[in-house]
Amino acid sequence: MATAGSDLSMVGSAGRRAMRALAGAGSAGVVARLAGRSPQGKKDVLAATVAVLQQGGLVAVPTDTIYGIACLAQNSQAVEAIYRLKGRTGSKPLAICLAEVDHIYRYCSVRVPDELLRDLLPGPVTLVLERSEGLNKDLNPFTPLVGVRIPSHWFIRELARACAAPLALTSANVSAEASTLTVTEFQEFWPRLSLVIDGGPVGDIHSPECRLGSTVVDLSVPGRFKIIRPGCALAQTMEILVTKHGLTSELLGL
C-alpha cells in the first residue's frame, strides 16, 4: 500500500510521536494495519490513535458496517474539519460513537426502556435521540437530536472507551457517493487525515447491500419510532421495535 501523506496542522507533538512509532512498527506512513499485529501491537495502534484524536486529528476507522472518519465530538475545531473533508454543509448531522450503552445517558435524553437500547446496541443501528446539555453545542447546532452508534467492532469501541469521550463519526466517502468497505476506496482522503486504521475489508466489496450502512431509527418520541434510513439491519430492527417492544411506526422515511 502506498504511503499516505497527512495534514498535521491540528496534530501536536504527541500525535506526531505516536505516528512515528507506528511507522517504526511497520505501517506505511499514516496507514496502520491491524492484521498481523500482536496483541501488544494492536494496543500500540490504539494508543497512537487516541493520541492523534486528543490532539485534534481526524482518523479513518473500520466499523461493523462501513469505514468511517472520526474525531473527538467535544472538539469544535475537529468537527469543523470533518465537514470540510466531506464537502458537506453544516446542516447534515454527524453521529456520535460511544463504547457502552450506559454512556448514552451522559449525552442524550432517553425516552425508551434501557432494555430496548441493549436489544439494538451494540450493532449496525444508529439511534436518533434527544441530545442533552452534555454534548458539544457546536456539533449539529441546528437540531435538538443526535444519532448514536455503538458498532460491533472491537477497535472503534475500544477507541471510544480509551478516549473517555464521544467520537463524532461519519462515513469515509464524499457526501452522496458510495460508502467504502476498504481503505483504498477512500484513498483521496488520506492526505487530509492524520491516521488511517486499516482493519481489512469490512464487508463483501461486490455486494451493494454491504454498502448500505447502519439502519437509522428515530426514537426521540416516546412509544413511537421512525425509520430514517433502512440500512443493512432493517428487518431485525423492526422485529425488536414492533414485536418485542410494541412501538408504533410513524410514516417510514424510506
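These legends go with close-up views of a predicted model.

**Figure 1. The whole chain, before zooming in.** The model is predicted, so local features need pLDDT of at least 70 and side-chain atom pairs count only at pLDDT 80 or more, while totals for chains, interfaces and linings use all residues. Residues are numbered from 1 along each chain as its sequence is written, and side-chain values use heavy atoms, leaving out hydrogens and water. Of its 254 residues, 53% count as buried, where buried is under 20% relative accessible area, exposed is over 50% and partly exposed is in between (1.4 Å probe, protein chains only). Take the contacts (heavy atoms within 4.5 Å) with a separation of 6 or more: 65% of them join residues 24 or more positions apart.

**Figure 2. Strand β7 and its two partners.** Here we're looking at residues 145-149, where four of the five residues are buried. On the parallel side, β7 pairs with β4 (residues 95-97) over two bridges; two strands count as paired if DSSP finds at least two bridges between them. In that pairing, Cys97 stands opposite Arg149. On the antiparallel side, β6 (residues 125-131) is joined to β7 by five bridges, and Leu129 faces Val146 there.

**Figure 3. The largest pocket.** This one has a volume of about 870 Å³. A pocket is an open set of points on a 1 Å grid over the protein atoms alone, with protein on both sides within 12 Å along at least five of seven lines; a cavity is a set where a 1.4 Å probe fits but cannot get out, and lining residues have an atom within 4 Å of a point. Points are joined across faces, edges and corners, and the volume is the space filled by probe spheres set on them. The pocket lining runs to 37 residues, with Arg88, Lys92, Pro93, Val216 and Arg229 nearest the centre. By class it holds 14 nonpolar, 15 polar and eight charged residues; Ala, Val, Leu, Ile, Met, Phe, Trp, Tyr, Cys and Pro count as nonpolar, Asp, Glu, Lys and Arg as charged, and the others, Gly among them, as polar. Strand β7 turns up again: it gives the most to this lining, with four residues. Other strands that supply at least two residues include β8 (167-171) and β10 (215-218).

**Figure 4. The one cavity.** Among the residues lining it are Leu98, His103, Tyr107, Arg161 and Ala164. Helices α4 (104-107) and α6 (154-163) each supply at least two lining residues. The lining splits into seven nonpolar, one polar and two charged residues.

**Figure 5. The largest nonpolar core, around Phe186.** A nonpolar core is a set of buried Ala, Val, Leu, Ile, Met, Phe, Trp, Tyr and Cys residues joined through side-chain atoms within 4.5 Å. The largest has 49 residues, and Phe186 is one of those with the most contacts inside it, along with others including Leu58, Ile96 and Leu219. Elements giving two or more residues to this core include β3 (67-72), α5 (114-120) and α7 (234-244), but α3 gives the most, with six. Ignoring neighbours within four places in sequence, Phe186 is in contact with Ala60, Tyr67, Ala172, Thr180, Leu193 and Val196. Apart from this core lies another, of 23 residues, among them Leu46, Ala99, Phe155 and Ile197.

**Figure 6. Thr215 in strand β10.** Thr215 is found in β10, and it counts as buried because its relative accessibility is 0%. Thr126 is 89 residues away in sequence, yet the two C-alpha atoms are 6.0 Å apart. Leaving out residues up to four places away in sequence, Thr215 touches a set that includes Pro124, Val125, Arg229 and Thr237.

Figure 7. Most residues other than glycine have a negative phi, and most peptide bonds are trans. The Leu121 to Pro122 bond is cis, with omega near -5°, and Pro122 lies in the loop between α5 and β6. Asn140 has a positive phi of about 50°; Asn140 sits in the loop between β6 and β7 and counts as buried at 0% relative accessibility. Ala164 has a positive phi of about 55°; Ala164 lies in the loop between α6 and β8 and counts as exposed at 59% relative accessibility.
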